[in-house]
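Please keep the sequence and coordinates open while reading.

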Amino acid sequence: MTRILIVTAVAAERDAVVDGRQAAIGMIDGLEIHRAITGAGMIDVLAAGVGAPAAAVATGCALRNDYDLVFSAGIAGGFPAAPVGSTAVAEAVVHADLGVRTPAAFQSMAELGWGPVRHRLDTLLVEQLSDRSGARIGEILTVSTVTGSAERAAELLTSHPAAVAEAMEGIGVYLAAARAELPFAELRAISNPVGPRDRDRWRMADALTALTAAFDAVLAAPLVLQSRGVTQS
Ligand SMILES: O=C(O)c1cccc(C(=O)CC[C@H]2O[C@@H](n3cnc4c(=O)[nH]cnc43)[C@H](O)[C@@H]2O)c1
């Protein structure tokens, strides 16, 4: 049976993924893992905390168990290609704000020779997830600081024109999965537009409902996994 690890940031996202399934609760290194059986196989869902470091550490701990596929999942900010209430699947996960900022410019980690910013994901898997859930395909940025202005949103889109969403954990889950040579996917539901901070425009409940629907569709039947390898660029 295919074993799938799904890493969210907070418990509300975990519960949205598990929603309606009978889950057994176990522990690994103090982390609660909610296990359920789906048409795609066994899922283990955990809430790792907000941000890429927490996500990477928790994923690394959970990967002491054996898995065939790892997801980063949850809510996200949407660029214009992914409006509030829609869902997005990553064709690439992008480490968008690790680098150096001077008064003149931002230099990415790739420009500084620290390693790749953009990690392309398995096309066959991405297409299956989009076909099943209706999620929009594009790059999903991982940021440490939530974008709070139109200027910063425009700057990110200029650097990453294929971006559909930003969130805070994808790269952390990806790096842990890649270290274990496991396929990775990121699936997000859009709760707010990327841009000026306005909590009144947040649609958290709608996004969690969309997350449940997306995972219901994605997990209804077995997924075809090409290999255990993960491609990078
Ligand atoms: O207080 C705020 O203004 C605020 C704005 C955006 C996000 C938050 C969070 O607490 C979100 C943390 C959580 O949700 C994901 N997320 C959702 N929307 C965004 C976003 O626009 N940019 C980045 N991350 C977002 C994220 O993955 C975190 O896990 C508060």
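The protein has an average pLDDT of 95, and 97% of its residues score at least 70, where pLDDT is the predictor's confidence in each residue on a scale from 0 to 100. Over residues 229–233 pLDDT stays under 50, and for these the model has 17 contacts beyond four places in sequence, a contact being heavy atoms within 4.5 Å. For the complex the predictor gives an ipTM of 0.93 and a pTM of 0.95.

Because this is a predicted model, local features are reported only at pLDDT of at least 70 and side-chain atom pairs only at pLDDT 80 or more, whereas totals for chains, interfaces and linings use all residues. Residues are numbered from 1 along each chain as its sequence is written, and side-chain values use heavy atoms, with hydrogens and water left out.

**Aromatic pairs and cores**

The structure holds two aromatic pairs, as tabulated here; rings of Phe, Tyr and Trp (its six-membered ring) pair if their centres lie within 6.5 Å, and planes under 30 degrees apart count as stacked, over 60 as edge-to-face and the rest as tilted.

| Pair | Centre to centre | Angle between planes | Class |
|---|---|---|---|
| Phe71 and Phe215 | 5.3 Å | 70 degrees | edge-to-face |
| Tyr174 and Phe184 | 5.5 Å | 85 degrees | edge-to-face |

Phe71 belongs to strand β5 (residues 69–78) and Phe215 to helix α6 (residues 204–218), so their pair ties together parts 144 residues apart in sequence; helices (H or I, at least four residues) and strands (E, at least two) are DSSP runs numbered from the N terminus. Tyr174 lies in helix α5 (residues 170–179) and Phe184 in strand β12 (residues 184–193), so this pair ties together parts that are 10 residues apart in sequence.

Phe71 and Phe215 are both buried, with buried meaning under 20% relative accessible area, exposed over 50% and partly exposed in between (1.4 Å probe, protein chains only). Tyr174 is buried at a relative accessible area of 0%, and Phe184 counts as buried at 3%.

In the largest nonpolar core, which has 65 residues, Ile6, Phe71 and Phe215 touch the most other members; such a core is a set of buried Ala, Val, Leu, Ile, Met, Phe, Trp, Tyr and Cys residues joined through side-chain atoms within 4.5 Å. Helix α6 gives the most to this core, with seven residues. Another core, of 12 residues, lies apart from it and has Val94, Met109, Ala153 and Leu156 among its members. Leaving out residues up to four places away in sequence, the residues that Phe71 touches include Ile4, Ile6, Leu129, Val173, Phe184 and Phe215.

**Helix α3**

Within helix α3 (residues 123–133), the buried residues include Leu125, Val126, Leu129 and Ser133, and the elements covering the buried residues of α3 include β5, β6 (87–95), β10 (136–142), β12 and α6. At the start of α3, a side-chain oxygen of Asp122 reaches to within 3.0 Å of the backbone nitrogen of Leu124, while just after the helix Gly134 takes a positive phi of about 80 degrees.

**Asn192 and Trp202**

Asn192 is placed in strand β12 and counts as buried at 10% relative accessibility. Residues up to four places away in sequence aside, Asn192 touches Ala76, Gly77, Gly78, Val84 and Trp202. The charged end of Arg199 sits over the ring of Trp202, 4.3 Å from its centre, a description that requires NZ of Lys or CZ of Arg to be within 6 Å of the ring centre and within 35 degrees of the ring normal.

Definitions and conventions
A polar contact is a pair of N or O atoms within 3.5 Å; within protein, one must be able to donate a hydrogen and the other to accept it, and residues adjacent in sequence count only if both atoms are side-chain atoms.
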